[in-house]
Amino acid sequence: MNDFTQSPAASGRALSYGEMLADDSLEGDARDALVAEALMAYLSTFLVRRGDVATAQLLLQVDRWQVVWDREGREKDLVLEVDPANMSHFTEDLLQKLRTLCQEISDRLRLAVNWVEVKETLPVVGPGWRDMVQREISGERPSNQARRLQPSPRRWLEDNLAFTNEGEQRVYRLLKHRQEKVLPREETIAIFPLPNGRIAGRTWEPDFLVTYKGRAGVLEIDGPHHNARRALDVTREHLMHDSGIAYVDRVPVEALENREEMERVIDRFLRRLAEPR
């Protein structure tokens, strides 16, 4: 028997999803789990090979996927669970694209799953939920240890870096433009979006840590509830300065919609960061 007639197991290669799905002994929940996994794999691969990398990247950010019966109990749907912050990107047009492709794949593999739905991922909460909610209201984010235990997918990706919202990504692009196109190569900046760390008494995740001419600065983006958090921000700034951060500045949330205003804020930040104490 040559390699072309050997079974996958005999030849030592891994089974493909198509070969796994051909196993008639697989039934019930185990088969549904395999069908969901296979559909996600085929959807993502087809999207990339057809040039739709943006949609494929979104699928990589899905928390969980499963095949479940629809409300009428007539057929099964592929349900995608995504972080609430990412729901807005799964528009009806995008879902229709996924449904069309899912039906194409399902017909070829005889999976009988022709519909794709999306819903928010339930957060992991427990008896300490009041404290957790209060911390989030106060602007605190999970520490890097918590994020490793419970990864949170992000919609905004660039240069293999993740951002929590579009505003952060806009600021990053302007900083990168100055890094690569404006400043001379021998004295440019380094940009660290959302680095996790610890200052005295607390863990902390600034929006941007930027190094320039031997000094480290922090650039934060004010949220819509910034005024209510002002006392917390001042205390945190003092801790940052005491910990060796040379300069802290903020991008007003209103500036995020105005490129010229954002550029003025960023240029002021870099100019003051470069000034000696």
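## Residue E261

E261 lies in helix α10. Helices (H or I, at least four residues) and strands (E, at least two) are DSSP runs, numbered from the N terminus. At 27% relative accessibility, E261 counts as partly exposed. Buried means under 20% relative accessible area, exposed over 50%, and partly exposed in between (1.4 Å probe, protein chains only). V251 sits 10 residues from E261 along the chain, and their C-alpha atoms are 9.1 Å apart.

## Basis of the model

The model is predicted: local features need pLDDT of at least 70, side-chain atom pairs count only at pLDDT 80 or more, and totals for chains, interfaces and linings use all residues. Residues are numbered from 1 along each chain as its sequence is written, and side-chain values use heavy atoms, with hydrogens and water left out.

## Whole chain

The protein chain holds 10 helices and 11 strands. Of its 277 residues, 38% count as buried. Take the contacts (heavy atoms within 4.5 Å). Among those in the protein chain with a separation of 6 or more, 55% come from residues 24 or more positions apart.

## The open sheet

An open sheet is built from 4 strands in the order β6-β9-β10-β11, with mixed pairing. Two strands pair if DSSP finds at least two bridges between them. β6 (190–193) and β11 (247–251) are the edge strands, each pairing on one side only. On average, neighbouring strands of this sheet are turned by 20° against each other, direction ignored.

Strand β10 (residues 215–221) runs parallel to β11, and 5 bridges join them. L219 stands opposite D249 in β11.

## Helices on the sheet

Helix α8 (residues 166–182) lies across β6, β9 (208–212), β10 and β11. Its direction is at about 170° to β6. Axes are lines fitted to C-alpha atoms, for helices over the stretch in contact; angles run from 0 to 180 degrees between N-to-C directions.

Helix α10 (residues 259–274) also packs on the sheet. It touches β9, β10 and β11, and its direction makes about 180° with that of β11.

## The α3/α4 pair

Helices α3 (residues 28–49) and α4 (residues 53–60) pack at about 155°, with axes 7 Å apart. They are therefore roughly antiparallel to each other, a term for angles over 145 degrees. α3 contributes M40, L43, S44, L47 and V48 to the contact; α4 contributes V53, T55, A56 and L59. By class, the contact has 7 nonpolar, 2 polar and no charged residues. Ala, Val, Leu, Ile, Met, Phe, Trp, Tyr, Cys and Pro count as nonpolar, Asp, Glu, Lys and Arg as charged, and the others, Gly among them, as polar.

Definitions and conventions: Parallel < 35°, antiparallel > 145°, perpendicular 65-115°, else oblique.
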